[in-house]
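Here is a short briefing to read beside your structure.

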Amino acid sequence: SHVVLLSLFSPSSLSLSQAQLTFYGSLETATEVITLYSDSITDLLVIRTLILANSRHAPTLIGILAVAQLVQAIFTLVNGESKTVIFAALVGLKPVISAHTCMKEGVHKHRSGRLFNNGTTYLIARLLEITVEAGPQGIIQAIAFAAVEVTEREYVQAISLATTCCMIGY
């Protein structure tokens with residue numbers, strides 16, 4: 001029954017026009033950008049909260065964030081991207097830039113001087129974000145959340161954990 005239901009909603013059975021596919025692709029990219037920004041903002045708020053609480057987990061989260069941005073910047077450099085994009089990667093914008101590039105130019109576009117096409121670049125940026133930043137940060141945030149008494153927990157910690165899970169799952 002699941003196969004029949006899924007086949008009813010496959011792109012071939014819906015006969016969507018290119019304009020509709022572009023719209024849905026843009027909507028998906030916009031959703032991802034919002035999820036990425038929400039995750040980044042709540043991560044920074046949690047780090048701030050943990051610093052103010054003198055938590056031993058704050059330096060670990062800062063380290064994970066710094067290493068993740070450095071890894072993104074190194075990948076961007078190796079891929080042959082501009083100095084502006086390398087700098088943007090250092091401040092956490094690489095996945096968003098790659099998503100926008102895919103939306104604007106298409107996933108199969110291969111710019112000269114780059115190792116990978118837009119789609120592969122975006123895939124690698126997302127994989128790096130999930131494995132080097134979101135996964136480890138989610139684990140440390142969960143430990144920090146569980147280590148605090150229920151009455152001392154901050155709402156931003158729960159929101160950040162939820163957004164991290166959504167970002168990883170998306």
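Glu-105 and Arg-111 form a salt bridge, with their closest N and O atoms 2.4 Å apart; the term stands for a side-chain nitrogen of Lys or Arg within 4 Å of a carboxyl oxygen of Asp or Glu. This is a predicted model, in which local features need pLDDT of at least 70, side-chain atom pairs count only at pLDDT 80 or more, and totals for chains, interfaces and linings use all residues. Residues are numbered from 1 along each chain as its sequence is written, and side-chain values use heavy atoms, leaving out hydrogens and water.

**Salt bridges**

- How many salt bridges does a search of the whole structure find? The search finds 3.
- Glu-105 counts as partly exposed because its relative accessibility is 30%, and Arg-111 is likewise partly exposed at 30%. Here buried means under 20% relative accessible area, exposed means over 50%, and partly exposed lies in between (1.4 Å probe, protein chains only).
- Lys-94 pairs with Glu-81 in another salt bridge, where the closest N and O atoms are 2.7 Å apart. This pair links distant parts of the chain, 13 residues apart: Lys-94 belongs to helix H6 (residues 94-105), while Glu-81 sits in the loop between H4 and helix H5 (83-90).
- Lys-94 and Glu-81 are both buried.
- Glu-129 forms a salt bridge with Arg-126, and their closest N and O atoms are 3.1 Å apart. Both residues lie in helix H7 (residues 118-147), 3 residues apart, or about one turn of the helix.
- Glu-129 is buried because its relative accessibility is 6%, and Arg-126 is buried at 8%.
- Helices are DSSP runs (H or I, at least four residues), numbered from the N terminus.

**Around Thr-76**

- Thr-76 has its place in helix H4 (residues 58-78). With 0% relative accessibility, Thr-76 counts as buried.
- A polar atom of the Thr-76 side chain lies 2.7 Å from the backbone oxygen of Gln-72.
- Which residues does Thr-76 touch, not counting those up to four places away in sequence? They are Glu-81, Val-85, Ile-86, Ala-89 and Lys-94, where contact means heavy atoms within 4.5 Å.
- Two of these, Glu-81 and Lys-94, are the salt-bridge partners described above.

**Around Ile-159**

- Ile-159 is found in helix H8 (residues 155-169). Its relative accessible area is 48%, so Ile-159 is partly exposed.
- Ile-159 and Asp-39 are 120 residues apart along the chain, and their C-alpha atoms are separated by 8.9 Å.

Technical notes: Helix = DSSP H or I, 4+ residues; strand = E, 2+ residues; numbered from the N terminus. Polar contact = N/O pair within 3.5 Å; in protein donor to acceptor, adjacent residues only side chain to side chain.
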